[in-house]
Amino acid sequence: MAIRFENGIVVTLGQENRVIWNGSVVIEGEKIAAVGGSSDLQHRFPKAEAIDCSGKIILPGFICAHHHFYSTMARGMSVPGEPAENFVQILERLWWKVDRAILEEDILLSAQLPLIDCIRNGVTTVIDHHASPSMCDGSLDILESAVRQAGLRASLCYEVSDRNIKGDGIAENERFIKKIGQGDGQIAAMMGLHASFTLSDETIETCVSIAREHSVGCHIHVAEDLADREDALQKYGLPPVERLHRLGATGEKSLFIHCVHVDEREMQILAETQTAVVHNPESNMNNAVGVTPLLKLMQKGVLVGLGTDGMNSDMLAQMRCAYLLHRLANRDPRVAFREAPTLLLENNREIARRQFGVPLGEIAEGYPADLAILDYHPPTPLTEANFLGHLLFGLVDANVDTTVCRGRILMRNKQVLTLDEERIAARSRELAPKMWERLQAL
Ligand SMILES: [Zn+2]
C-alpha cells in the first residue's frame, strides 16, 4: 500500500538538494516511489493513502553516528564518592559501574527508551556502542530485538576492554558479526573496542583480525581525553591514532570517536586511511575533555560525522552545539555555519552508507523511505540557498510530528506507534533503583 505525504515543504538534501513547496513524497513498501509537486503526485498515485503535511517540512530521517543506549538508567542517579575531577575518574566512578550494574531487563529497557527518543527526534538510524559486563553474552541480541521492534536501523557492537571485568566481549562481537553477516539494511554489526588506554596490543590485534575477516570496521573511542594520548605515548611511544593504525584498526569502515587530542600526523593518517571520526560536542563539553579540532580535521580531508555519545538522541541539538562550540573555540563568527550541518546531513550519510550498504539521508526515488516530518511555518522565504539558516535557527527547535523508517510509520501526530513509552518508562522506574543499589555496592 502506497502512502502519499502531501502538501508539505519537501527538502530532499543529497547532491541536488531541492526544496519543493507544496510538495509530496510517495512511499511504497520500504522505498520512496516518487518526489514532486502535490498535484502531480495526486494524479500519478490516486490510490495511495494521503497524509496531509501542510504546515510541515519533510526531511530525510536523521542519523546518529555514535550513541550509548546503556547509559539510560544513570539519569538522576547519585554517584557514590567524591565528584570526579577528571575524565578517567568519570569512567571509574560512573560509567564503569553503570555498565557492570545493568542486567538483562535493564539492557532492554535502556535501549527501548532512547529508541523512543530517537523516534521523537526524527532519528531513523543509530550507531550504538554497548557495554554490560555482567550480562555480556547475548546482550547484542537484546539490543537487536529492541531496534527491530522500534522499527529503526542500527549498527551494534560490544565494547571490548582489558579492564578487570567479566564477560567475553570479543566473543560477543564475533558471534553477532557472524549472525548479521552482510546485514539486511536494518541491522549492521561492528567490532566494538573501548579505547587505546584500556586495550593491550594483543587484544586489539585479535579484534582487528576478526573485523577484517568479516569486513566490518572497528568502533572505538580515540583520544577523547589527554590521558588516552599520554598513556599511548608512555607505554608504546606512539599517539593513539598512530598506535591503532599500526595495529590495523584504521580503514573506511572504522569509526574513531572523538579524536579531541590528535596531532597533524594523526590527522594525516585518518585522512589517508579514510577512517571516519565522530564528533560529540555536548559530551566533550559535559566531560570537560577539550575541543575536537573539527575545522582542521575537515580541511585535511577527514570524514567527520556527528553523534550524541549517549547524552540524548537529538541530532539537531548536537548540530547546533557543534555550530556554537566551534565559533566560540575559534573566536571566529565566520566558521561552522556550513561545517556543523555538513557533519549531520552529509557526513553521517556517508558513514551510514559504509555501515549499512544502503543510501540514506536523501529523499529521492528508489531511496529507502526514512523520513522526519517536522512542524514548521517558515517566517521568511525558504529556498535551497538559505535552507541552512532555517535549519540552524528554526528547525532545531521545531517539533517532530511524524517519523518513518523503512516505509513504516513509527510516529504519527507525535504518537509513537511501535513502543509503549508509558509502560516501558514505568518499568524502568521500577528497576532503576535496584540497579543504583547494585552500583553503590561496586
Ligand atoms: Zn562514546
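Good morning. In this predicted model, the axes of helix α3 (residues 104-120) and helix α15 (residues 421-440) come within 10 Å of each other and cross at roughly 135°. Helices here are DSSP runs of H or I with at least four residues, and strands are E runs of at least two, numbered from the N terminus. Each axis is a line fitted to C-alpha atoms, for helices over the stretch in contact, and angles run from 0 to 180 degrees between N-to-C directions.

α3 and α15 are therefore oblique to each other, a term for angles that are not under 35 degrees (roughly parallel), over 145 (roughly antiparallel) or 65 to 115 (roughly perpendicular). On the α3 side, the contact includes Leu109, Leu113 and Ile116, and on the α15 side it includes Ile424, Leu431 and Met435. Contact requires C-beta atoms, placed from the backbone, within 7 Å. By class, this contact has 7 nonpolar, 2 polar and 4 charged residues. Ala, Val, Leu, Ile, Met, Phe, Trp, Tyr, Cys and Pro count as nonpolar, Asp, Glu, Lys and Arg as charged, and the others, Gly among them, as polar.

I turn now to the domains. The domain assignment gives domain 1 (2-61 + 360-415) and domain 2 (62-356), with bounds from an automatic or database assignment. Their C-alpha centres lie 30 Å apart. The contact takes 19 residues from domain 1 and 27 residues from domain 2. On the domain 1 side, β15 (371-375), α14 (387-393), β16 (400-405) and β17 (408-412) each supply at least two residues.

Finally, residues are numbered from 1 along each chain as its sequence is written. As the model is predicted, local features need pLDDT of at least 70 and side-chain atom pairs count only at pLDDT 80 or more, while totals for chains, interfaces and linings use all residues.

Definitions and conventions
Contact = placed C-beta atoms within 7 Å.
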